[in-house]
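These are my notebook entries on one protein chain. I set down what I looked up, entry by entry, with the cut-offs that I used.

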Amino acid sequence: YYDTNRTDGVVDEETLTKIEEEYNTAYKRGDRSSEIQDLKLELVDLEYADWEGPSTCLCSETEETIKAFQDNYQLKVTGVLDSITQAKISEVANSPYQLGNSSEEIREIKLDLVDLGFADWEDPAENFGPETHNV
């Protein structure tokens with residue numbers, strides 16, 4: 001376990017290992033891999049991009065898309081697919097509360113949105129459709 005809240009300014013062995021690990025697993029502009037392509041597909045699903053058959057390259061357009069995602073989720077805005085950004089993309093892409101899904105929990109969220117004044121559904125369904133997405 002690496003304590004990301006530690007701020008003593010010391011680059012000890014643990015910190016050095018984490019820096020090297022992050023450097024070796026982060027994707028930067030110009031890098032290519034099938035994992036980049038998979039993450040780009042998730043960004044399309046999350047409506048951050050509209051690439052059809054995205055390439056494996058992290059190019060300037062991809063970098064700008066990553067920055068928009070990072071900014072939206074209050075991550076450090078770098079345009080780099082670091083481990084934190086990759087984990088957040090996967091977390092959001094795999095959320096049970098997204099377009100196309102259906103559950104009683106979604107219905108409960110929709111009732112909460114009505115109570116908060118964001119929607120006026122009388123008896124909301126369990127599905128998370130385009131209208132829910134927009135709300």
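**Entry 1: aromatic pairs.** I count rings of Phe, Tyr and Trp (its six-membered ring) as a pair if their centres lie within 6.5 Å; planes under 30 degrees apart count as stacked, over 60 as edge-to-face and the rest as tilted. With this rule, a search of the whole structure gave me two aromatic pairs. In one of them the ring centres of Y48 and F69 are 5.2 Å apart and the planes stand at 70°, so I recorded the pair as edge-to-face. This pair joins distant parts of the chain, for Y48 is in the loop between α2 and α3 (60–72), F69 is in helix α3, and 21 residues separate them. F69 and Y73 form a tilted pair, with 4.7 Å from centre to centre and 35° between the planes.

**Entry 2: the source of the model.** I note that this is a predicted model, in which local features need pLDDT of at least 70 and side-chain atom pairs count only at pLDDT 80 or more, while totals for chains, interfaces and linings use all residues. Residues are numbered from 1 along each chain as its sequence is written, and side-chain values use heavy atoms, with hydrogens and water left out. I read pLDDT as the predictor's confidence in each residue, from 0 to 100. The chain has a mean pLDDT of 90, and 96% of its residues reach 70 or more. I take helices (H or I, at least four residues) and strands (E, at least two) as DSSP runs, numbered from the N terminus.

Entry 3: F69 is buried, because its relative accessible area is 0%. Y48 is partly exposed at 23%, and Y73 is partly exposed at 28%.

**Entry 4: the nonpolar core.** I define a nonpolar core as a set of buried Ala, Val, Leu, Ile, Met, Phe, Trp, Tyr and Cys residues joined through side-chain atoms within 4.5 Å. The largest such core has 15 residues, and those with the most contacts inside it are L43, L46, L58, F69, L81 and I89. The elements α2, α3 and α4 each give two or more residues to this core. In soluble globular proteins, nonpolar side chains tend to be buried together. I then looked up I89, taking contact to mean heavy atoms within 4.5 Å. Apart from residues up to four places away in sequence, I89 touches L39, E42, L43, L46, F69 and L81.

Entry 5: T85 lies in helix α4 (residues 83–93). I recorded T85 as buried because its relative accessible area is 1%. Beyond its neighbours within four places in sequence, T85 is in contact with I66, F69, Q70, L75 and V80. I found T62 in helix α3, where T62 is buried, with a relative accessible area of 2%. Residues up to four places away in sequence aside, T62 touches K40, W51 and C57.

**Entry 6: Q37.** What does Q37 touch, if residues up to four places away in sequence are not counted? I found P54, S55 and T56. Q37 belongs to helix α2 (residues 34–45) and is partly exposed, with a relative accessible area of 26%. A polar atom of the Q37 side chain lies 2.6 Å from the backbone oxygen of P54. I use the term polar contact for a pair of N or O atoms within 3.5 Å; within protein, one must be able to donate a hydrogen and the other to accept it, and residues adjacent in sequence count only if both atoms are side-chain atoms.

**Entry 7: positive phi.** Most residues other than glycine have a negative phi. I noted E47, which is not a glycine but has a positive phi of about 65°; E47 is in the loop between α2 and α3. Q74, also not a glycine, has a positive phi of about 55° and is in the loop between α3 and α4. Q74 is exposed, with a relative accessible area of 73%.

How values were computed: Buried means under 20% relative accessible area, exposed over 50%, partly exposed in between (1.4 Å probe, protein chains only).
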